[in-house]
Amino acid sequence: MNQHVSSESPFYRGGLDDRKMTTPNGAIVNADYEAVLDRTWGQVRTIKVRDGVHTIVGYAIANATFIEGKTGLIQFDAGNNIGQGRALLDMVRKVSDKPVVAVIYSHHHYTGGAKVFVEEGGSEAVQVFGHPSVDSNLQATAGTLGPMQIRRTGIQLGLYLPDSGPDAAFLFPEPHFEDPALNTSGHVAVNHPVENGEEVTIDGLKARFYHAVADTRDSLIVHFPELDLVLHNAVATPMMFSLYTLRGDFYRDPSDAIASLDLIRRLKPTYLVGVHGLPYSDGEKADQFVSAHRDTYAFDYNQSIRAINKGMSPDEMVQQIKLPPHLADNPAIFPGYIDNEYIIRGFYRGIVGWFAEDTADLHPPTPAELGSVIVEGFGGVDKLIARASAAFEKKEYNLAAKLMSFALADDPDNQEARQLKANALRAMAQATRSGIQTRTFMLTEALHLEGKLDWKQMPEVVFFGNVTVETI
């Protein structure tokens with residue numbers, strides 16, 4: 001797929017303004033991002049991966065895969081809430097009427113519909129497999145950093161954005177329901193925690209479980225050797241994976257992620273099904289897909305180490321480290337989820353911390369003081385706004401936005417500065433190929449600056465299911 005990078009200038013300097021398009025709900029987005037999203041999530045499909053293995057794609061951000069054993073079904077992931085669990089079970093029932101005998105959690109996300117499958121299968125009789133840390137990690141997400149995670153996940157996934165118009169959310173589908181009970185988490189505690197390398201026979205099928213690291217440290221790779229099948233939550237998705245996420249999370253060590261991909265490559269499955277994206281039923285194509293991701297993160301990591309050892313700052317690193325064409329142009333590495341620059345910055349902080357060898361940063365002036373001095377240096381806020389406006393007209397959107405950050409640090413209520421920064425953020429958001437993170441964060445802040453929402457408040461909808469007393 002041609003990614004249509006039409007200019008050497010990046011999107012934040014107008015280089016992709018010619019790739020803007022309007023979607024049916026009125027959202028203005030990058031056309032290549034829209035095409036990638038449509039290919040994976042454009043329709044709800046139950047795909048037959050091979051005899052006895054089906055995966056539901058396009059209903060929500062995560063797939064739901066089910067495997068026919070000798071007497072029943074083994075369910076891999078279950079949606080985010082009770083309502084999704086019911087809808088997914090209805091789709092399963094169009095293929096098989098066998099009872100659910102086991103549920104496998106790929107990681108502590110997408111467990112909220114499990115109660116539906118477990119109750120349908122007879123509760124106590126259903127085995128629930130997962131990494132030993134699934135339940136504790138879920139509790140930590142809901143508890144310790146719950147408010148931050150709920151708010152930033154809501155920003156990342158467009159929950160603050162309108163349903164229609166130029167600023168509308170445009171991501172994968174993620175069903176929520178009018179009945180609050182259907183939006184609650186139906187997580188069921190793991191009753192069979194699996195060790196790394198553990199082999200279990202589930203309803204007549206051998207399954208070997210491996211611990212993996214992706215967006216969580218409690219991820220699994222599950223190998224069904226008799227089916228030549230691997231199910232996984234590893235960093236191989238329909239687009240470049242976020243080894244750093246704007247919503248904030250633990251440091252995602254690329255060495256661990258790369259090791260997980262290398263394990264899949266050693267298993268050499270003919271049939272490969274990830275938590276996200278379309279399944280593979282061709283071993284060679286599956287290997288090429290996994291290898292492209294593996295090589296991308298290894299390149300970024302190795303070049304980051306090299307740059308750090310040369311004394312480069314994060315700003316210098318993102319200017320110097322560019323993926324080679326055979327990776328940058330690979331459809332599997334399309335930056336729809338994350339901009340590669342964020343991964344590089346995340347590596348720097350994760351490897352050596354926040355200090356970037358400018359000792360002025362050890363005890364910096366407050367943003368308000370710095371903003372005041374910069375406004376004074378420009379000869380007043382009007383001249384600073386005029387300079388930012390000139391930058392905006394020349395499509396130097398990132399410069400315009402940053403100049404207005406200084407103006408607002410000095411005078412947070414300056415409406416002209418707020419609007420100009422919002423305009424610059426919106427221009428970048430509409431052109432970026434990183435529609436899942438960059439677009440949503442920039443548009444949400446733009447609307448916040450315009451007084452149309454308060455992004456410091458919790459979203460009305462909780463992405464991973466409303467927290468219950470049982471969850472806590």
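Which residues in α2 meet Lys115, Val116, Phe117 and Glu120 in α3? They are Ile82, Gly85, Arg86, Leu88, Leu89, Val92 and Arg93. To meet here is to be in contact, with heavy atoms within 4.5 Å.

Before I go on, the ground rules. This is a predicted model: local features need pLDDT of at least 70, side-chain atom pairs count only at pLDDT 80 or more, and totals for chains, interfaces and linings use all residues. Residues are numbered from 1 along each chain as its sequence is written, and side-chain values use heavy atoms, with hydrogens and water left out.

Back to the helices. α2 covers residues 82-93 and α3 covers residues 114-121. Their axes are 7 Å apart, at an angle of about 50°. That makes α2 oblique to α3. Angles under 35 degrees count as roughly parallel, over 145 as roughly antiparallel, 65 to 115 as roughly perpendicular, and the rest as oblique. Axes are lines fitted to C-alpha atoms, for helices over the stretch in contact, and angles run from 0 to 180 degrees between N-to-C directions. Helices (H or I, at least four residues) and strands (E, at least two) are DSSP runs, numbered from the N terminus.

Next, the sheet. It is open, with 5 strands in the order β10-β11-β12-β13-β14 and mixed pairing. Strands pair if DSSP finds at least two bridges between them. β10 (199-202) and β14 (271-274) stand at the edges with a single partner strand each, so one side of each has no neighbour in the sheet. From one strand to the next, the twist averages 25°. β11 (residues 205-212) runs antiparallel to β12 (residues 219-224), over 5 bridges. Tyr210 has Ile221 in β12 as its bridge partner. Across β11, β12, β13 (229-232) and β14 lies helix α6 (residues 254-267), at about 5° to β12.

Now the aromatics. The whole structure has 8 aromatic pairs. Rings of Phe, Tyr and Trp (its six-membered ring) pair if their centres lie within 6.5 Å; planes under 30 degrees apart are stacked, over 60 edge-to-face, the rest tilted. Phe11 and Tyr12 are edge-to-face, because their planes stand at 75°, with ring centres 5.2 Å apart. Phe11 is buried at 8% relative accessible area. Tyr12 is buried too, at 15%. Buried means under 20%, exposed over 50%, partly exposed in between (1.4 Å probe, protein chains only).

Tyr33 and Phe170 are also edge-to-face, with centres 6.3 Å apart and planes at 75°. Tyr33 is in helix α1 (residues 31-41), and Phe170 is in the loop between α5 (146-156) and β9 (192-193), 137 residues apart. Both are buried.
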